[in-house]
Amino acid sequence: MIIVDVLWKLFPLYSFGSETDSLSESILQIVPEEMASSTTKILCDAGESDLCRDDSAAFLLKFVAIASILLAGAAGVAIPLVGRNRRFLQTEGNLFVAAKAFAAGVILATGFVHMLAGGTEALSNPCLPDYPWSKFPFPGFFAMIAALVTLLVDFMGTQYYERKQESSSSNQAASEASVVEPGGREETSVVPVVERDNKVFGEEDGGGIHIVGIRAHAAHHRHSHSNGHGTCDGHAQGHSHGHGHVHGISDVENGARHVVVSQILELGIVSHSIIIGLSLGVSQSPCTIRPLIAALSFHQFFEGFALGGCISQAQFRNKSATIMACFFALTTPVGIGIGTAVASSFNSHSAGALVTEGILDSLSAGILVYMALVDLIAADFLSKRMSCNVRLQVVSYVMLFLGAGLMSALAIWA
């Protein structure tokens with residue numbers, strides 16, 4: 001077939017009386033091109049050939065991968081959830097902030113180095129037609145679109161939860177105010193409690209009667225300062241009525257942000273966890289699977305830690321937190337199982353598989369980069385708490401760069 005194609009392309013040159021030297025040069029140009037295109041076509045039709053292919057060994061390694069990645073992901077997401085009731089792992093502690101900075105670096109490197117690079121490789125594969133895939137930088141475009149859509153969802157979700165929580169707080173405060181005797185003193189008044197995901201939202205209604213117990217106010221005051229509201233010495237400008245109102249609004253906003261951040265982060269992590277699970281599952285090469293087991297276990301542990309920290313800060317009910325944690329931990333093993341089931345009939349070099357993988361990788365990269373930079377790194381590193389603690393700044397930056405560096409280095413093997 002190659003010979004026929006070469007002769008067909010040389011026929012016009014022979015017919016119109018090309019010189020011998022010109023004909024020889026044309027042959028030298030056309031033959032390698034035809035051989036390369038034919039080799040590429042065979043590769044795209046048959047899938048990638050691998051000298052290390054061993055179906056039985058790969059099948060056993062996939063069981064090891066499922067167990068290792070499941071345990072690593074479950075441990076990573078469980079540590080912040082279990083440790084939120086322990087002093088050394090509370091979300092307000094410096095140890096948690098430093099560990100979260102490391103996890104943020106891991107997620108940032110995952111988006112830039114692994115997912116965006118994978119999307120670029122898939123969408124620039126020679127098995128895809130030149131038009132339109134080689135005419136426009138689609139990976140960066142899809143990542144940008146994903147980041148902008150994530151910003152929109154982040155904003156709308158935060159607004160929705162803030163309005164919902166403020167409405168609940170106002171209604172509860174109004175009902176409690178109806179039973180408080182006029183002239184009652186603050187320390188004997190009723191504390192309005194809005195039970196939503198084990199949180200206390202709001203201390204008063206929209207400009208109505210100030211109903212807050214002195215103990216609750218003191219605890220809330222300490223919580224607000226621990227999160228960076230106020231000056232570096234831990235003192236505010238007074239304990240006035242307006243001051244308490246500001247604290248109440250700030251707490252509602254923080255609660256809404258944590259809820260939205262945890263849900264969007266899980267969406268971004270789960271989307272690419274499915275992809276990497278499928279990629280490992282369809283592989284029949286032990287040489288490819290072995291390094292992936294270690295890389296993905298490391299990756300899942302610290303992504304799980306970051307997600308678990310966000311879930312812990314959102315203070316979901318135990319049932320909701322458990323469902324979110326299990327959903328994360330099971331996603332990659334389920335992807336491996338699906339990939340294993342279809343491995344025999346799956347051609348990773350088909351146009352449909354490459355386009356799907358490239359688009360999903362690029363979209364996941366945009367989501368992860370946005371979440372890492374905006375909701376994890378900027379939220380912590382630009383806070384008052386960080387600016388007031390030089391030691392915490394140094395440790396957090398070291399952990400951030402260490403996490404990003406180690407995750408980037410894993411691209412050598414995976």
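Gln315 is partly exposed, with a relative accessible area of 30%, where buried stands for under 20%, exposed for over 50% and partly exposed for what lies in between, computed with a 1.4 Å probe on protein chains only. The model is a predicted one, in which local features need pLDDT of at least 70 and side-chain atom pairs count only at pLDDT 80 or more, while totals for chains, interfaces and linings use all residues. Residues are numbered from 1 along each chain as its sequence is written, and side-chain values use heavy atoms, with hydrogens and water left out.

**Overall architecture**

- The protein chain has 13 helices and 0 strands, helices (H or I, at least four residues) and strands (E, at least two) being DSSP runs numbered from the N terminus.
- Of the 414 residues of the protein chain, 44% count as buried.
- Among the contacts in the chain with a separation of 6 or more, 83% come from residues 24 or more positions apart, a contact meaning heavy atoms within 4.5 Å.

**Nonpolar cores**

- The largest nonpolar core has 44 residues, and those with the most contacts inside it are Ile107, Leu265, Ile269, Ile311, Phe316 and Met371; such a core is a set of buried Ala, Val, Leu, Ile, Met, Phe, Trp, Tyr and Cys residues joined through side-chain atoms within 4.5 Å.
- At least two residues of this core come from each of α3 (55–83), α4 (94–123), α6 (138–177), α8 (241–282), α9 (286–314), α10 (318–342), α11 (351–381) and α13 (390–409), and α11 gives the most, with 10 residues.
- A second, separate core of 11 residues includes Leu61, Ile276, Leu280 and Leu292.

**Annotated spans**

- In the unreviewed UniProt entry, the annotation "transmembrane region" covers residues 59–83, 95–116, 136–155, 321–343, 363–382 and 394–413; the positions are given in the numbering used here, feature names are shortened, and annotations may be inferred rather than shown by experiment.
- For residues 321–343, the end C-alpha atoms lie 34 Å apart, and the span is 96% helix and 0% strand.
- For residues 394–413, the end C-alpha atoms lie 30 Å apart, and the span is 80% helix and 0% strand.

**Helix α13**

- With 20 residues, α13 reaches 29 Å from its first C-alpha to its last, close to the 28 Å expected at 1.5 Å a residue, the expected span being 1.5 Å times one less than the number of residues.
- Leu392, Ser396, Leu400, Gly403, Ala404 and Met407 are buried in α13, and they cover an arc of only 90° around the axis, which puts them on the same side of α13; the arc is that of the directions from the helix axis to the C-beta atoms.
- The cover over the buried residues of α13 includes α4, α9, α11 and α12 (384–387), whereas the face turned away from the buried side carries the exposed residues Val390, Arg391 and Phe401.
- The N-terminal end of α13 is capped by Asn389, of which a side-chain oxygen lies 3.3 Å from the backbone nitrogen of Arg391; a polar contact is a pair of N or O atoms within 3.5 Å, where within protein one must be able to donate a hydrogen and the other to accept it, and where residues adjacent in sequence count only if both atoms are side-chain atoms.

**The loop between α8 and α9**

- Ser283 lies in the loop between α8 and α9 and is buried, with a relative accessible area of 13%.
- The side chain of Ser283 reaches the backbone nitrogen of Ser285 at 3.3 Å, and, residues up to four places away in sequence not being counted, Ser283 touches Ala58, Lys62, Thr288 and Ile289.
- Gln284 is also placed in the loop between α8 and α9 and is buried, with a relative accessible area of 14%.
- With residues up to four places away in sequence again left out, Gln284 touches Cys52, Arg53, Asp54, Asp55, Ala58, Lys62 and Ala343.

**Gly335 in α10**

- Gly335 is placed in helix α10 and is buried, with a relative accessible area of 0%.
- Gly335 and Ser273 are 62 residues apart along the chain, yet their C-alpha atoms are separated by 7.5 Å.
- Not counting residues up to four places away in sequence, Gly335 touches Ile274, Gly277 and Leu278.

**Backbone geometry**

- Most residues other than glycine have a negative phi, and most peptide bonds are trans.
- Gln315, in the loop between α9 and α10, has a positive phi of about 55° although it is not a glycine.
- The peptide bond from Tyr131 to Pro132 is cis, with omega near 5°, and Pro132 lies in helix α5 (residues 130–133).
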